[in-house]
Amino acid sequence: MAHRLYNFDFRPDDIVVMTYPKCGTTWMQEIIWGMTHLDELEEADRLPITYRTFFIDSDALYLLKDQMKDRYLMDRFHTLCPDGRPEQGVIMQSCSAQPPQPTKPRIIKTHFPLSLYRPDLLDKCKVVYVCRNPKDACVSYHHHCRLVNTYKFEGSFEAFAKAFMAGDVFYGKFWDHVAHAWQRRRHPNLRLVFYEDLQLDGLKQLEHLGSFLGLQLSQEQLQRVAEHASFSRMKGRDAQVPITLSSSTNGAVGGFFRKGITGDWRNVASAELDTVMEEWIREHAGSLGISFKYAL
Ligand code: PPS
């Protein structure tokens, strides 16, 4: 699927949510969907965010036979693309065929970094890049890989963290991913948001985001979006998340919306492992000049 993704035809009003996995993608998708669908927020109780947006890497991530088990995705595909061929990408073709709607842009989720798209992506549409401190992202990713059948990971956190630091996990090296966005953070079409800042100062972040997206939102509307995308509301809709995917147990406790906090790594990483992670962080974050919050 690489060349299809690389050449994907983004539209000027598209909003791309780009992240390394487990850094706040779904939260940001829900925020942006809320901002652009204020008149139909209750739709979120009926339809999972996966179906209200387009996760274009799915075509490369999941086997077609597994994608085809998802009735909603396949119905959407057949409706939007009567002549489409599933093996050429169910989600990418659905997304391409989605008729333009003046005030409701396509919201496109991707975990692929900027480097896997055409260099002019940022000149074509807006990209919101969410990043999260790598220790909590790693804890969350370990949980995900135990929860979701696609991965079937059975190892300890320590084993996972070593693979994560080596980039030997789906989507590869954390720092490479972040670096591509960080280096272009001043581009007018790129907004870089930290997961921890969303937690610390949600309304202010939403206000900046609204301006970045060119939306005129009142304080009351921003409050409604914040509430709509709050952890408790999103967790309440947890049962909807179509983890095709789910659900092996492998010791994973909690659903897709596990804890939604900053600093949980302290409950998981041993002091020895933390020393190794600290060294790894110093080595990479220092040269990039990026710093994360590890506790709030
Ligand atoms: S994925 O699978 O890569 O798309 O996962 P992603 O959505 O990027 O990250 C999942 C983690 O984000 C947490 N989350 C939230 N935190 C705070 N507030 C809200 N509203 C929220 N929504 C999702 C989710 O719980 C995962 O983090 P952990 O640490 O595992 O709880």
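Helix 2 gives the most to the shell around the ligand, with three residues, where helices (H or I, at least four residues) are DSSP runs numbered from the N terminus. The model is a predicted one, in which local features need pLDDT of at least 70 and side-chain atom pairs count only at pLDDT 80 or more, while totals for chains, interfaces and linings use all residues. Residues are numbered from 1 along each chain as its sequence is written, and side-chain values use heavy atoms, with hydrogens and water left out.

**Ligand shell**

- Around the ligand there are 22 residues, of which Thr25, Thr26, Ser140, Tyr195 and Lys259 come nearest; a residue is near a molecule if one of its heavy atoms lies within 4 Å of it.
- Helix 2, helix 9 (134-147) and helix 15 (231-236) each supply at least two residues of this shell.
- Sorted by class, the shell has nine nonpolar, eight polar and five charged residues, with Ala, Val, Leu, Ile, Met, Phe, Trp, Tyr, Cys and Pro counted as nonpolar, Asp, Glu, Lys and Arg as charged, and the others, Gly among them, as polar.

**Atoms facing the ligand**

- A backbone N or O atom of glycine 24 lies 3.0 Å from an oxygen atom of the ligand, and for a backbone N or O atom of cysteine 23 the corresponding distance is 3.2 Å.
- From lysine 109, a polar side-chain atom lies 3.1 Å from an oxygen atom of the ligand.
- The protein covers 98% of the 640 Å² of accessible area that the ligand has on its own, as given by the Shrake-Rupley method with a 1.4 Å probe.

**Glutamine 29**

- Glutamine 29 is found in helix 2 (residues 25-36) and is buried, with a relative accessible area of 3%; buried means under 20%, exposed over 50%, and partly exposed in between (1.4 Å probe, protein chains only).
- Apart from its neighbours within four places in sequence, glutamine 29 is in contact (heavy atoms within 4.5 Å) with Val17, Ile49, Thr53 and Lys109.

**Salt bridges**

- The count comes to 18 salt bridges, each being a side-chain nitrogen of Lys or Arg within 4 Å of a carboxyl oxygen of Asp or Glu.
- Glu30, Asp45, Arg52 and Arg237 are linked in a network of such bridges.
- Aspartate 66 pairs with lysine 65, their closest N and O atoms being 3.9 Å apart; aspartate 66 is partly exposed at 22% relative accessibility, whereas lysine 65 is exposed at 56%.
- In the salt bridge between glutamate 87 and arginine 85, the closest N and O atoms are 3.0 Å apart, and glutamate 87 is partly exposed at 43% relative accessibility, as is arginine 85 at 45%.

How values were computed: Polar contact = N/O pair within 3.5 Å; in protein donor to acceptor, adjacent residues only side chain to side chain.
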